[in-house]
Structures are given as C-alpha cells and as structure tokens.
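Below is a short report on one model.

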Amino acid sequence: MTTGQEWLVDASGCAPERLKDAAALAALFEELVVLMDLKVVGQPQWHVFPDPGGVTGLALLAESHLAIHTFPEHGFAALNVYCCRTRARPDFDALAAKHLGATSCRVRELSRGVEA
C-alpha cells in the first residue's frame, strides 16, 4: 500500500549568497506550494546559522512536509518534499536553477508505504 511519495533533491553548484538568504528559500517553498497544490499548516520555520553557515527551513503541510538545509561553503542544498497523496513531479532542476542558482540537480523519488 502506497502512503505517499517523497523527493530527495540534491542541488549543487548553487550561488552561496542564495543559500544564506531565507527569503530566497521561502520563495522556493512558495512556488512548490503553488505548483503542487499543497496546504501549509502554520508558518514555515527558518533558522539562519552564523556566517559562514547556511539555513535550515521547514514547512509543515497538511500533506506532510517541505524541508531544506543549505551548505553555502559547498554550494549545496538538500531539499526534501514528502506528500501523502500522489502529485506530479515538479521540474526540480528548473526550480533549483531559478531559486538557488544550481548548475546541477539530482532527484530521487521514493514511494512510501507499508508492504503486505
């Protein structure tokens, strides 16, 4: 039984200044919410680490969650999207390029669920 799908997105070659900018990351979350027709519960939470650190963000969804952790010193961002209902896969490559300046993106999609 499938109980959802999860995407693990590794974005590389990102612009370090975007990976330190919670507003830029919030714009990525907002676009994903609209594209995937998601329902945010409460307010997304953002923690900006002291320089040279990045940002950790989490949005609780009625469908599950969006999370990101950035590493500006490596030009890398780890994005996680989990939905308990089937959704079309967004163009993560284009989104990571637009919002993070990523030059490459590796996406792994997992079906989540219980095996009988």
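Strands pair here if DSSP finds at least two bridges between them. Strands are DSSP runs of E, at least two residues; helices are runs of H or I, at least four residues; both are numbered from the N terminus.

A second hairpin links strand 3 to strand 4 through three residues. Strand 4 covers residues 64-71 and runs antiparallel to strand 3, with five bridges. Thr-56 takes part on both sides: His-47 stands opposite Thr-56, and His-69 is the bridge partner of Thr-56 in strand 4. Strand 3 has two faces. Val-55, Gly-57 and Ala-59 form the covered face, while Thr-56, Leu-58 and Leu-60 form the uncovered one.

## Basis of the model

The model is predicted: local features need pLDDT of at least 70, side-chain atom pairs count only at pLDDT 80 or more, and totals for chains, interfaces and linings use all residues. Residues are numbered from 1 along each chain as its sequence is written, and side-chain values use heavy atoms, with hydrogens and water left out.

The cut-offs are under 20% relative accessible area for buried and over 50% for exposed, with partly exposed in between (1.4 Å probe, protein chains only).

Leaving aside neighbours within four places in sequence, Phe-49 is in contact (heavy atoms within 4.5 Å) with Gly-54, Val-55, Thr-56 and His-69. Asp-21 is 28 residues from Phe-49 in sequence and 11 Å away in space, C-alpha to C-alpha.

## The cavity

Searching the whole structure gives one cavity of 30 Å³ or more. A cavity is a set of points on a 1 Å grid over the protein atoms alone where a 1.4 Å probe fits but cannot get out; lining residues have an atom within 4 Å of a point. The largest cavity holds about 60 Å³ of space. Grid points are joined across faces, edges and corners, and volume is the space filled by probe spheres set on the points.

Its lining includes Val-9, Leu-28, Ile-68 and Phe-92. Strand 1 (2-12), strand 5 (76-83) and helix 3 (92-100) each give two or more residues to this lining. Helix 3 gives the largest share, four residues. The lining has ten nonpolar residues, no polar and no charged ones. Nonpolar means Ala, Val, Leu, Ile, Met, Phe, Trp, Tyr, Cys and Pro; charged means Asp, Glu, Lys and Arg; the others, Gly among them, are polar.

Notes. On a 1 Å grid over the protein atoms alone, a cavity is a set of points where a 1.4 Å probe fits but cannot get out, and a pocket is an open set with protein on both sides within 12 Å along at least five of seven lines; lining residues have an atom within 4 Å of a point.
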